[in-house]
Amino acid sequence: MTKQNMAVSDACSSLNMVVTMAAVSNSTVFTQKPPSAPGGCVSVSVSTKKFLKDPDINGTQWINSWVESMRASSPTHIKSTPLSPTEDHSSWMVHRPSALEMFDQIMDASRGMQIVMFLDYDGTLSPIVDDPDRAFMSDKMRATVKKLARCFPTAIVSGRCRDKVYSLVKLAELYYAGSHGMDIKGPEEGTKYKKGGRAGILFQPASEYLPMIDEVYKELVEETKTIPGAKVENNRFCASVHFRCVDEKRWSDVAQRVKSVLKQYPKLRLSQGRKVFEIRPEIKWDKGKALEFLLESLGFANCTDVFPVYIGDDRTDEDAFKILRDRGQGSGILVSKFPKDTNASYSLQEPSEVMDFLQLLINWKRPSYMGRRRMQ
């Protein structure tokens, strides 16, 4: 196999596959764009972005920029320091208020619309843990998500391999979008919410990359095996290099070794999440595109009567938050104990608050809750 000359799909063919496989219109028109809220998502400086996108420029500058970005997105005090009210946090909360406190306002905005739920997994339904293989959701959270799916069409959108996240969630009635949306599968028996009633969607816009991802995964394992705490995960359509358990003094070493591998694969791109490097195909596909595809598959393309709610905690979820902000429909909710630049409109601090919010949604769907609202 030649690394440089493997056949790959470009963005246009990927979008055409969406049209063919979902049997929906290929024109998506979004209206009602709201003005950008203060504190929009700016993850890194312009100069840093330049370095991150071009690994062939000055090696020292590239590595230093990555380490700067790693530290900015992965504060070392998250585990040891409880959230304390500060002036910065108070200001941030004005623009990203608690989704629990603003629940009635969110529901008022969704009045007369079909709510569609999108949930990240790690850090949203399960706590962030040192070993990603042990990021288990609680039985109570699983029961809550199961009830949620009875009320609204519900999808899990994760950077993990779809089969892996399914094995952790264990709910057949959900939609699953693994590998940052590059591996999407719907319930085998369909859903009562889907217009047209077609069951069992399956969409994989980056299937040509599978041999390349397998090869890169093996090389990353070999390159990082001497760095204590480094863990490489094969998520089928992408590879993840976790540095959560790596001493911060070795972070530059991790970045350098990842860079050395990826220089051989110009058709792959590098991005960063919470103490993890993500290696993905260089196609225009992400969690935001997955959100749009699932809405189309459910029959809600170009609809004004749909209200998507996306809850996530990671930098990769920003693509979905931005889609919701740009289309002026729905709500993005960031899960974070610390102020972050984000395109989300609301915030929650941790998975326990996510569960509380989901339970409020379930109760809101019940006639008794609606009756109480009408009496108020």
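Me: How many helices and strands does the protein have?
Reply: The chain in this predicted model holds 376 residues, 52% of them buried. Its secondary structure comes to 13 helices and 12 strands.

Me: Which strands stand at the edges of the open sheet of eight strands?
Reply: The sheet is open, with mixed pairing and the order E5-E4-E3-E2-E1-E10-E11-E12. An edge strand here has a single partner, so one side is left without a neighbour in the sheet. That applies to E5 (202–203) and E12 (346–348).

Me: Which residue in E3 stands opposite Val-157?
Reply: Strand E2 spans residues 154–157, and strand E3 spans residues 175–178. The two pair in the parallel sense over three bridges. Opposite Val-157 stands Ala-177.

Me: At what angle does helix H7 run to E3?
Reply: Helix H7 covers residues 162–169. The helix lies across E2, E3, E4 (183–185) and E5. Its angle to E3 is about 135°.

Me: Which residue takes a positive phi in the hairpin of E6 and E7?
Reply: E6 (residues 231–234) and E7 (residues 239–242) run antiparallel, joined by four bridges. One of the bridge pairs is Val-232 with Val-241. Four residues lie between the strands. The residue with a positive phi, near 70°, is Arg-236.

Methods. Residues numbered from 1 in each chain as written. Predicted model: local features only at pLDDT ≥ 70, side-chain atom pairs only at ≥ 80, totals over all residues. Heavy atoms only, no water. Pairing = 2+ DSSP bridges. Contact = heavy atoms within 4.5 Å. Axes fitted to C-alpha atoms, helices over the stretch in contact; angles between N-to-C directions. Buried < 20%, exposed > 50% of the residue type's maximum accessible area, 1.4 Å probe, protein only.
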